[in-house]
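Please keep the sequence and the 3D view at hand as you read.

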Amino acid sequence: MTNLYARELGDFLRARRNRLSPYDVGLEPGGRRKVTGLRREELALLAGLSTDYYQRMEQGREVRPSDDVLDALAGALGLADEERRHLFTLARAARRPAPARVDRGPERVPDSTRRLLRVMDTPAVVLGRHLDLLDWNPMAEALLGDPGDCPRDRLNMLLLMFDDTLTGERSCPDWERQALDYIGMMRAAVATDPTHPRATAIVGELSIRSAEFRRLWARHDVRESVSGAKTFRVPEVGDIVLDWDTYPLPGSPGPVMLVYTAEPGSADADRLRLLASLHATRSARTGERSA
């Protein structure tokens, strides 16, 4: 018998094991190898476990590893801090006799957060736990386009990133890196509730229609709260390079605010202001025509 948490745990361990080579952990490869990563018996040896026990963990069978075993595996695999936390989240969920109750109610953006969005002079959006776009400000609309033109159930950062009609985005040099960030955030959400209907629907759809998504999802990378930089190609003003950071909002797990900023005094800041001015002018003209 398996449960979803145990299966997810096994898949995560396998992906992390396949990422390592014998050289990475000080082992001699020895002879011809059928696998590119570590063998199960090699990882078990490094972690001080029996090969049979470790194999059962990867297979998602009824194994409930102790925290000491998880520590040993995290060390042998060289996990980063957020990967280690992800490992413990999955394993502790797998040890429970029944899944914990998870709030699946609709996600709401507090009124105070909506007010904050409107007074910010930089692009910002609010993302739900499964990367649904819950709210945005006019600056984000200027940068990303009007999300209101998209059906509500399609307003999701992963669905939009892998939308075949938005091929221009994929020419950006950092497209795959940002896709991995979003996928890693989804992985972290799935770890807390692997049967959530929204997660199941998004991952299921993308797994069917996108080979790129399947390849990146199979890496089992995980992100908690991320930051980075992104190049936006805006025909009206040219390329704009912005830093982006996520800030958790109340709730566990809850929505996050994603904020884009430019270095003060930079050419990117000038282009962002020009874009905001052009958007405000267009909006005013649209309002006049509809009045």
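Of the 291 residues in the protein, 45% count as buried, where buried means under 20% relative accessible area, exposed over 50% and partly exposed in between (1.4 Å probe, protein chains only). The protein exposes about 15,100 Å², and carbon and sulfur atoms supply 52% of that area; accessible areas come from the Shrake-Rupley method with a 1.4 Å probe, and for residues only the protein chains shown count as cover.

This is a predicted model, in which local features need pLDDT of at least 70, side-chain atom pairs count only at pLDDT 80 or more, and totals for chains, interfaces and linings use all residues. Residues are numbered from 1 along each chain as its sequence is written, and side-chain values use heavy atoms, with hydrogens and water left out.

The average pLDDT (the predictor's confidence in each residue, from 0 to 100) is 85, and 87% of the residues score at least 70. Confidence is lowest in helix α12 (residues 267-290), at a mean of 82, and highest in strand β1 (residues 124-127), at 95.

The protein has 12 helices and five strands; these are DSSP runs numbered from the N terminus, with helices being H or I of at least four residues and strands E of at least two. Among contacts with a separation of 6 or more, 58% are between residues 24 or more positions apart, a contact being heavy atoms within 4.5 Å.

Let us start with helix α2 (residues 40-47), where E42, L43, A44 and A47 are buried. The buried residues of α2 pack against α1 (4-19), α3 (51-58) and α4 (67-77). Just after α2, G48 takes a positive phi of about 75°.

L131 is found in the loop between β1 and β2, while H220 lies in the loop between α11 (211-217) and β3.

| Residue | Relative accessible area |
|---|---|
| L131 | 1% |
| H130 | 3% |
| H220 | 8% |
| D268 | 18% |

H130 also sits in the loop between β1 and β2 (133-136). Which residues does H130 touch, not counting residues up to four places away in sequence? They are N156, M186, A189, H196, R198, A199 and I202. The C-alpha atoms of H130 and M157, 27 residues apart along the chain, are separated by 8.8 Å.

Strands β3 (residues 227-234) and β4 (residues 238-248) run antiparallel and are joined by eight bridges; two strands pair if DSSP finds at least two bridges between them. They form a hairpin with three residues between them, and S227 stands opposite D245 in β4.

D268 belongs to helix α12. Not counting residues up to four places away in sequence, D268 touches D239, I240, V241 and A262. D268 counts as buried because its relative accessibility is 18%.

The largest cavity has a volume of about 30 Å³, the volume being the space filled by probe spheres set on the points, which are joined across faces, edges and corners. A6, L9, M57, G60, R61, V63, P65 and A94 line the largest cavity.

Conventions:
1 Å grid on protein atoms, 1.4 Å probe; cavity = no way out; pocket = protein on both sides within 12 Å on 5 of 7 lines; lining within 4 Å.
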